[in-house]
Amino acid sequence: MDGVLYDSMKKHTLAWHRMMSEEGIPCSRDEFFLYEGMTGAATIDLLFRRELGRGSTPEENTRLYARKTELFQQMTPVEVMQGAQRMIQILKDNNVKCVLVTGSAQNSLIQRLDTDYPDVFTPDMRVTALDVKRGKPDPEPYLLALEKSGAKPEETIVIENAPLGVRAGVAAGLRTIAVTTGPVPRENFDAEHPWKIYPSMLSFASDVQHLLDDDK
């Protein structure tokens with residue numbers, strides 16, 4: 001969702017950095033691009049273990065993620081990722097079933113899906129942070145998506161913009177495409193062994209039909 005369907009990561013990373021700075025937790029804004037795909041609780045726990053030498057409590061996770069969400073919602077609304085609607089339309093035209101797999105539980109964007117991508121991601125075809133015990137980079141989110149779709153692994157592709165998401169898709173045994181819509185260097189994606197890498201969503205959207213035709 002974030003960084004694939006919506007050009008939202010710049011604001012997410014800013015909200016994360018502001019929230020952690022309020023808590024006195026040393027961090028850089030750019031490092032949150034690397035944590036994309038993890039659940040909010042896992043991200044908070046990672047920073048606590050690194051900087052405080054202990055894991056975060058469930059109460060801290062709830063409070064801090066709520067604050068991060070509040071800061072994100074105070075910003076101007078995010079825009080749809082350029083090329084994403086074109087990509088989705090091509091998938092729809094080819095009767096490809098789409099399943100949302102996100103490490104987020106942030107309703108401000110999830111609730112926009114029906115407006116920005118109508119009749120694509122029905123509620124039963126969504127996997128969010130609330131549906132899994134282990135978020136990305138664990139393969140659980142994509143294995144659950146595979147179950148929901150009723151598809152076989154060889155019939156699927158994963159579209160990811162984050163190294164940890166690519167790792168999750170590959171670990172699930174699925175053909176995983178990386179689209180570098182953010183500032184993460186290509187070598188970070190190469191290290192996760194995706195099936196293909198595209199430099200933007202626009203370039204991927206231009207190639208989707210070819211990929212589908214080659215699969216027929």
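## D213 and helix α11

D213 is a residue of helix α11, which covers residues 201-215 in this predicted model. With a relative accessibility of 37%, D213 counts as partly exposed, because that class takes in values between 20% and 50%. Along the chain, D213 and N94 are 119 residues apart, and their C-alpha atoms are separated by 9.6 Å.

## Packing of α3 and α4

Two packed helices are described by the angle between their axes and the distance between the axes. For helix α3 (residues 40-52) and helix α4 (residues 58-73), the axes come within 9 Å and cross at roughly 110 degrees. That angle makes α3 roughly perpendicular to α4, because the perpendicular class runs from 65 to 115 degrees.

On the α3 side, the contact is made by G40, A41, I44 and F48; on the α4 side, E60, N61, L64 and Y65 take part. By residue type, this contact of α3 with α4 divides into 5 nonpolar, 2 polar and 1 charged.

## Aromatic pairs

The structure has 6 aromatic pairs. One of them joins W16 and Y65: the ring centres are 6.1 Å apart and the planes stand at 50 degrees, so the pair is tilted. W16 belongs to helix α1 (residues 9-22) and Y65 to helix α4, so this pair ties together parts that are 49 residues apart in sequence. W16 is buried, with a relative accessible area of 9%. Y65 is buried as well, at 18%, because the cut-off for a buried residue is under 20%. Y65 is also among the α4 residues that meet α3.

A further pair is formed by Y198 and F204. Their ring centres lie 5.1 Å apart with the planes at 55 degrees, so this pair is tilted too. Both Y198 and F204 are buried.

Ring pairs also build a cluster, which links W16, F32, Y35 and Y65.

## Lysines over rings

Two lysines are placed over aromatic rings. The charged end of K68 sits over the ring of F72, at 5.2 Å from the ring centre. K196 lies over the face of W195, and here the distance to the ring centre is 5.1 Å.

Technical notes
Residues are numbered from 1 along each chain as its sequence is written. This is a predicted model: local features need pLDDT of at least 70, side-chain atom pairs count only at pLDDT 80 or more; totals for chains, interfaces and linings use all residues. Side-chain values use heavy atoms; hydrogens and water are left out. Axes are lines fitted to C-alpha atoms, for helices over the stretch in contact, and angles run from 0 to 180 degrees between N-to-C directions. Helices (H or I, at least four residues) and strands (E, at least two) are DSSP runs, numbered from the N terminus. Angles under 35 degrees count as roughly parallel, over 145 as roughly antiparallel, 65 to 115 as roughly perpendicular and the rest as oblique. Contact means heavy atoms within 4.5 Å. Ala, Val, Leu, Ile, Met, Phe, Trp, Tyr, Cys and Pro count as nonpolar, Asp, Glu, Lys and Arg as charged, and the others, Gly among them, as polar. Rings of Phe, Tyr and Trp (its six-membered ring) pair if their centres lie within 6.5 Å; planes under 30 degrees apart count as stacked, over 60 as edge-to-face and the rest as tilted. Buried means under 20% relative accessible area, exposed over 50%, partly exposed in between (1.4 Å probe, protein chains only). A charge sits over a ring if NZ of Lys or CZ of Arg is within 6 Å of the ring centre and within 35 degrees of the ring normal.
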